Structure formats: C-alpha cells, structure tokens
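Here's a quick look at the aromatic side chains, ring by ring.

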Amino acid sequence: MMVRSVLFILATFIAPSFALVHAVDSSSLVSVATYQRARGEGFTKAIIRGFQEACGVGGEVDPNFVATYNNARAAGYTDIDTYWFPCTGTTHSCKSYATQIAEIGATFSAHSMKIGTIWIDFEKDSICNNWNYGTAGNLVQAKAIISAIKASGFNFGIYSTPGEWGNIFGSTSVILDNTAPLWFATFNNVETLTLGTEFGGWTTAVGHQYTDVSASKQFDLSVFAH
C-alpha cells in the first residue's frame with residue numbers, strides 16, 4: 001500500500017510536465033515540409049498570424065494566413081489557433097475592431113478553417129506607433145477590443161508580456177480581463193507555465209512562449225497546458 005501511495009504522489013507531481021503541449025507560432029508563410037519537421041520534433045500545436053496591424057491600410061487579414069493554415073493541415077496539424085495583431089493608434093485610420101474581427105471570421109468561413117482560439121496580441125510597435133492614446137486611453141481602446149471579440153462569439157485569449165503590459169497601460173497591475181486565458185512571452189528557454197512576473201491580474205497562464213529561436217528560423221516556441 002505504501003508503494004502505491006508513493007507512486008501516486010510521484011505521478012501527481014510528474015504528470016503536469018508530461019501533459020504540456022508544445023507549439024510553434026509563425027508570422028510568415030510556412031511550408032508543409034517545415035511543419036512536418038516541427039511535428040516530428042514533438043510540436044503538435046500551431047498558431048498562425050491571422051490578422052496583421054498593416055497600419056497603412058487600417059489592418060488586414062495576413063496574406064499568408066490561409067496558405068500557411070492549409071500547409072499546417074496538410075502536415076497533420078489539427079490543433080490550430082490564430083493570433084490577431086490589431087491595428088491601433090491615432091496616426092492612421094484603423095478599421096473598427098468589430099470590422100477587424102469580422103474580416104478574420106469571414107476568412108474562417110470562406111476557407112472552412114477550424115480554429116480553436118484567437119489570441120489578441122497586446123504589444124507596441126515603433127514602426128506603426130500603435131497604442132499611442134496615453135495609458136488611460138490605451139485601456140479604453142483595449143476594452144473596446146475585448147468587447148468586439150466577445151460580441152463575435154469566438155474563443156479568445158490574450159498574448160502579452162509583463163513589459164509590454166506596463167508600457168501600454170502604465171502598470172503591470174492594470175486589469176483588462178483576467179478571466180481570459182493568458183499566453184505570455186518570457187524568452188528564458190524554460191518550458192514551464194510558471195508566470196515569473198505576474199501582470200494584468202493573472203496569477204497563472206495556459207501558455208508560455210519561451211524562445212524566439214527555432215531550427216527553421218520561422219517559429220517562436222511555446223508550451224501550453226492543452
């Protein structure tokens with residue numbers, strides 16, 4: 001009986017590390033062969049940029065989204081998410097957030113795409129000078145983004161880092177929607193979900209992007225709880 005108890009305790013502690021799902025994410029066109037190699041290395045989840053900031057045109061569906069999705073499917077991927085880098089900022093005419101998300105949804109429908117989660121990418125970009133409404137104004141805009149995606153009915157989560165969060169909202173303690181799943185980036189090459197620096201009201205995360213270096217030079221690498 002004692003042996004069984006010890007084995008049960010060990011399984012309780014060990015199982016979570018084995019349960020992690022390894023993922024690749026990309027913002028460029030990825031070939032079938034590259035995805036096949038990634039799957040062969042144990043990366044079974046793919047995340048593809050679905051909508052890019054494209055501030056010159058107010059934001060647009062990534063031109064490589066559909067082709068990359070099809071290549072991932074052809075390589076055997078069934079666990080596929082996308083991320084939305086919303087167009088924001090006062091220096092260009094961004095489409096409304098409802099329109100941005102509607103264009104993503106229309107792409108899903110037109111190409112029969114099976115997407116699990118839309119991850120909203122909260123980070124600054126010096127080229128387009130996004131998130132320039134001031135910290136209070138940035139929070140107003142972020143809340144509008146959350147309202148738009150909730151109205152769409154799509155599953156969503158939030159991607160960011162403690163540093164980006166503090167830069168956009170003025171403090172890491174600002175809460176936008178900590179009921180949404182969090183995928184965070186800390187390039188420490190540690191394949192765990194440990195949230196070393198808490199931010200946005202989250203104390204746990206479902207995904208951790210742990211490096212921006214991969215053999216193909218096309219992927220960032222992450223681990224997820226599922």
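## Charges over rings

Which ring face does arginine 39 lie over? That would be tyrosine 77, with 5.3 Å to the ring centre. Lysine 45 does likewise with phenylalanine 224, at 5.2 Å from the ring centre. The cut-off here: NZ of Lys or CZ of Arg within 6 Å of the ring centre and within 35 degrees of the ring normal.

## Ground rules

This is a predicted model, where local features need pLDDT of at least 70, side-chain atom pairs count only at pLDDT 80 or more, and totals for chains, interfaces and linings use all residues. Residues are numbered from 1 along each chain as its sequence is written, and side-chain values use heavy atoms, leaving out hydrogens and water.

## Ring pairs

There are 16 aromatic pairs in the structure (Phe, Tyr or Trp rings, the six-membered one for Trp, with centres within 6.5 Å; planes under 30 degrees apart are stacked, over 60 edge-to-face, the rest tilted). Tyrosine 35 and phenylalanine 219 make a tilted one, at 5.6 Å between centres and 40 degrees between planes. Tyrosine 35 sits in helix H2 (residues 32-40) and phenylalanine 219 in the loop between strands E8 (207-211) and E9 (220-224), so this pair ties together parts 184 residues apart in sequence. Helices (H or I, at least four residues) and strands (E, at least two) are DSSP runs, numbered from the N terminus. Both tyrosine 35 and phenylalanine 219 are buried (under 20% relative accessible area, 1.4 Å probe, protein chains only).

## The tryptophans

Tryptophan 165 and tryptophan 202 pair edge-to-face, 5.4 Å centre to centre with 75 degrees between the planes.

Notes
Buried means under 20% relative accessible area, exposed over 50%, partly exposed in between (1.4 Å probe, protein chains only).
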